[in-house]
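Student: I would like to go through the labels used for this model and ask what stands behind each one.
Tutor: Go ahead, and we will set each value against its cut-off.

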Amino acid sequence: MRVGLKLLVPQLLQFLLLLLVCGMIVFNLYTEYETLSRSHGRMETRVELAERLKSMRADNVLRVLAYANRRDPAQLHGFARYEEEVSVILTEYAALTTENEERLLLDTVADAQQRITESRTALINAIDSGNAMQQDAAFQRWEIHRRLLDASLNDLAGYALNRLRAAVNRVDAQRAYALTIAAYGALAFVLLIMLGTHFVRRYVSLPLERLTTAIDGIARGDLSLNMQPELAGRRDEFGNIARAFTNMTVRLKDIHSTLEDRVQKRTLQLDASVKELEAFAYSVSHDLRVPLRAIDGFSHMLEQRYREQLDDEARRLIGVVRDNSQKMGRLIDDILAFSRMGRQEITWNTVDMNALAQAAAEELAPHDKGRRFELQIGTLPSAQGNNAMLRQVWINLISNAIKFSSPKAHPKIEIGACRDDQEQVYYVKDNGVGFDMQYASKLFGVFQRLHGVDEFEGTGIGLAIVKRIVSRHGGRVWAEAQLNEGATLYFALPLAGTQGAETPDQYYLKENA
Amino acid sequence: MKWLYLLSLITPLLSSCGGNDTATGPRLPLTIAEFSQPAAALLYVAEARGYLSGAGLDVTFRPFNVGKDALKDTLDGKSDLAITFQTPVVRNLQEGIPLGILASIMTSSRNNALVGLRERGIAKAGDLRGKKIGVTKGTSSEFFLSVFLATEGILPKDVTTVHVTPGDFEKTLAAGDVDALVLFASYRTRIRNTMGERLVYFSSDAYNDIVILTGLRQIILNKPDAIRRLMTALSKAQDYIENNRDDSIAIVARRLAGKFEKANIDEDWDSYRFALRLDHILLGNMRSESDWYAASGLFRGATPDFKGALVSEPLRAVRAASVTVQTPRQP
């Protein structure tokens with residue numbers, strides 16, 4: 001998990017906490033809203049009950065007046081029913097409120113109801129008695145109580161209505177408050193996310209990216225990257241790291257600079273030594289040729305002039321001397337050629353590898369005295385390189401194939417090419433004696449032989465020269481073989497041409513590292 | 001600047017949280033004329049509990065024996081507001097005095113009572129015919145007596161009424177200068193203690209006494225802040241009385257020490273309903289009383305606009321539900 005992501009986790013937890021708190025606030029508000037709504041329902045019921053009492057009271061007044069006018073005894077039942085219903089409603093109402101003030105109003109109504117019941121009874125009695133003075137007094141009393149009941153009922157209904165309106169307002173206010181809280185909560189949430197992201201980006205992610213860039217640069221060897229002043233000026237852990245890296249870079253620059261100087265000096269010394277050694281070897285080889293020619297020449301003269309005086313054994317010994325001196329001469333020639341291939345500057349041209357291989361095969365044809373060989377040359381793409389050097393490569397590889405396949409009854413040599421994305425591969429394949437692949441790494445070494453000199457003559461330098469030439473061209477060599485089944489020797493040249501090619505100095509440095 | 005912008009967003013949210021009841025601004029003076037009876041308990045509790053001072057008011061009380069005199073004090077410009085029973089308010093409104101009614105602060109059906117001397121042959125209400133009855137004229141007692149007589153079937157011409165001030169209640173009754181007397185509840189217990197079995201008691205369930213907080217309308221409208229603070233303090237006093245009966249009685253007893261015994265206050269306390277209201281009972285009472293004055297020939301003008309006298313906004317601001325009368329919104 002990346003550091004930025006790790007830092008984001010606690011931040012997200014904080015945001016979740018904020019979300020939780022906002023959620024709880026909204027939940028509480030919602031709960032309160034629900035409570036208010038239930039309270040609102042009870043208030044509506046109270047208003048309805050108060051209005052019902054008012055309506056019933058109006059009916060009862062008409063009932064009293066009807067009795068006073070007509071003395072209708074049927075009305076008496078209505079009084080009892082009315083008073084019973086009022087009592088039930090008042091009880092129901094009282095159960096719906098816990099407010100002191102409303103209970104006082106309810107008491108006032110109950111009190112007024114009690115009074116008007118009494119005064120109504122007295123009025124009925126006075127009416128029944130026929131006493132006009134009693135009727136007047138009772139009527140006045142009933143009228144006063146009627147007004148009192150009217151007033152108390154109006155007050156109760158008014159109070160209930162006021163409470164209902166207030167409750168509605170509170171519900172509206174609560175809803176608006178909840179919306180406000182939710183809106184501010186959402187705003188705060190978004191702002192916190194933005195701020196958090198900004199802070200993490202500014203103080204953690206960006207410094208980390210800069211540090212990573214700087215460290216990558218150092219890893220690539222670019223010591224010029226400087227983290228100051230953006231990071232090194234900071235007073236936090238990133239500042240400490242940046243300063244430490246800056247110090248490290250400065251020290252690395254010093255060390256690098258010292259190392260380069262030392263390497264350059266050593267390289268010059270090594271170059272000089274290698275050249276001296278090459279020159280020495282060349283000189284020695286060159287100088288050895290003169291006495292060798294003298295030995296061969298004088299041995300030949302001795303053989304020619306004193307043939308008749310020499311017995312067979314003497315002639316055989318002279319032949320041995322001449323044979324070995326000639327071998328030594330070839331060896332010296334090969335060593336000189338090998339040395340030359342390392343020292344020679346490459347003149348680059350487009351080389352027709354088909355023509356080159358064909359010419360090399362024809363040049364080597366005399367070695368196939370019985371014309372036994374079956375030679376196949378496929379299409380060989382051109383290459384960038386030195387014509388003479390690559391010609392030597394073909395000659396050495398084809399002669400190598402002829403040599404090691406000659407014991408076969410039907411020797412066969414196949415020359416071909418293939419390519420991949422980066423290099424052009426050429427090969428020479430034979431069905432000769434092959435070799436054990438465990439010795440493949442020695443095949444291209446100087447003086448390395450996988451077969452005895454009695455079996456196959458040679459100096460053991462030919463494939464080393466091939467490897468040197470191909471390496472000078474930036475390519476590579478390798479072989480695949482199976483004992484007694486034949487071998488395939490490959491060399492590959494880079495498609496990019498001169499890219500990867502080595503100067504003699506580079507070659508020597510690599511070879512002698 | 002970003003932080004300032006954020007603060008500007010958050011500040012309204014923070015300021016919307018919580019409230020503050022503490023009065024702001026300078027302290028305001030207010031003079032209230034009152035009648036020094038337990039019926040004015042809301043004022044005394046508000047004073048004693050510090051609600052008046054806490055609301056930023058410096059209240060001066062001007063005490064009187066009866067509400068009629070307290071209201072006169074206010075009309076004379078010596079006080080800003082008065083508390084009085086409803087009768088002086090009705091009479092002044094009939095006279096065209098531009099009163100503003102802020103609230104009723106107490107309602108009782110037993111504040112007035114009629115006592116008769118047994119020795120004058122008074123045993124039941126009908127025995128009052130032909131008797132001399134003392135009453136404090138121009139007060140609610142006079143209206144009480146008229147209601148009592150009417151509901152008992154006694155015509156006004158069947159009795160003789162004489163004016164007796166509250167301070168002379170006991171002396172007048174003891175001397176037998178009247179056969180019966182209408183007196184306030186707070187005096188009733190004390191007279192009963194001194195005159196014992198000589199008295200027979202009558203009450204009327206057809207009558208309600210209401211104590212009103214009132215003043216000249218213009219004065220009320222000119223002092224909106226002081227009035228608002230006063231209503232806030234009285235509202236708190238109402239809550240306190242509802243929940244602290246004994247403490248409230250003790251407060252009133254201390255306030256009226258020397259004039260009323262605590263035991264007397266306690267005895268009558270439950271007949272009082274201390275509540276700030278502008279309701280139909282108040283309007284109905286005033287109209288009934290006004291009608292009675294008109295029927296009695298004591299008033300010949302048009303019935304005053306009692307509803308128009310109500311100044312409802314101050315009460316609505318503290319106890320909206322207690323304004324059960326529909327009144328036009330006032331500035």
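Student: Is A:Tyr426 buried or exposed, and what relative accessible area is that based on?
Tutor: The model is a predicted one. Buried means under 20% relative accessible area. A:Tyr426 has 0%, so A:Tyr426 is buried. A:Phe491 also has 0% relative accessibility and therefore counts as buried.

Student: What makes A:Tyr426 and A:Phe491 a stacked aromatic pair?
Tutor: Search of the whole structure gives 17 aromatic pairs over all chains. In this one, the ring centres are 5.2 Å apart and the planes are at 25 degrees. Rings pair if their centres lie within 6.5 Å, and planes under 30 degrees apart count as stacked.

Student: Which parts of the chain does the pair link?
Tutor: A:Tyr426 is in strand S5 of chain A and A:Phe491 is in strand S7 of chain A, 65 residues apart.

Student: Why is the pair of B:Trp292 and B:Tyr293 called edge-to-face?
Tutor: The planes are at 65 degrees and the centres 4.9 Å apart. B:Tyr293 is buried, with 1% against a limit of 20%. Ring pairs also link B:Trp292 and B:Tyr293 into a cluster with B:Phe143, B:Phe144, B:Phe148, B:Phe202 and B:Tyr207.

Student: What makes B:Arg91 a charge over the ring of B:Tyr293?
Tutor: The charged end of B:Arg91 is 4.2 Å from the ring centre, and the distance limit is 6 Å. The charged end of A:Arg476 likewise sits over the ring of A:Trp478, 4.2 Å from its centre.

Student: How do you know that B:Glu34 counts as buried?
Tutor: Its relative accessibility is 0%, which is under 20%, so B:Glu34 counts as buried. B:Glu34 is found in strand S1 (residues 28-34) of chain B.

Student: With which side chain does B:Glu34 make a polar contact?
Tutor: The partner is the side chain of B:Tyr44, at 2.5 Å, where the limit is 3.5 Å. Beyond four places in sequence, B:Glu34 is in contact with residues including B:Phe61, B:Arg62, B:Ile83 and B:Arg255.

Student: Why is one side of strand S2 and of strand S6 in chain A left without a neighbour in the sheet?
Tutor: The open sheet has five strands in the order S2-S4-S5-S7-S6 of chain A, with mixed pairing. S2 (374-377) and S6 (476-482) stand at the edges with a single partner strand each, so one side of each has no neighbour in the sheet.

Student: How do you know that strands S4 and S5 of chain A pair?
Tutor: Two strands pair if there are at least two bridges between them. Seven bridges join S4 (residues 412-419) to S5 (residues 423-430), so these antiparallel strands of chain A pair. A:Ile415 stands opposite A:Val428 in S5 of chain A. Helix H7 (residues 353-363) of chain A packs on the sheet, touching S2, S5 and S7.

Student: Over how many bridges do strands S5 and S8 of chain B pair?
Tutor: S5 (residues 112-117) and S8 (residues 180-184) of chain B pair in the antiparallel sense over five bridges, where at least two are needed. B:Gly116 has B:Ala180 in S8 of chain B as its bridge partner. Helix H8 (residues 185-195) of chain B packs on the sheet, touching S5, S8 and S9 of chain B.

Notes
Residues are numbered from 1 along each chain as its sequence is written. Chains are lettered from A and ligands numbered from 1 in the order in which they are written. This is a predicted model: local features need pLDDT of at least 70, side-chain atom pairs count only at pLDDT 80 or more; totals for chains, interfaces and linings use all residues. Side-chain values use heavy atoms; hydrogens and water are left out. Helices (H or I, at least four residues) and strands (E, at least two) are DSSP runs, numbered from the N terminus. Contact means heavy atoms within 4.5 Å. Axes are lines fitted to C-alpha atoms, for helices over the stretch in contact, and angles run from 0 to 180 degrees between N-to-C directions. Rings of Phe, Tyr and Trp (its six-membered ring) pair if their centres lie within 6.5 Å; planes under 30 degrees apart count as stacked, over 60 as edge-to-face and the rest as tilted. Buried means under 20% relative accessible area, exposed over 50%, partly exposed in between (1.4 Å probe, protein chains only). A charge sits over a ring if NZ of Lys or CZ of Arg is within 6 Å of the ring centre and within 35 degrees of the ring normal. A polar contact is a pair of N or O atoms within 3.5 Å; within protein, one must be able to donate a hydrogen and the other to accept it, and residues adjacent in sequence count only if both atoms are side-chain atoms.
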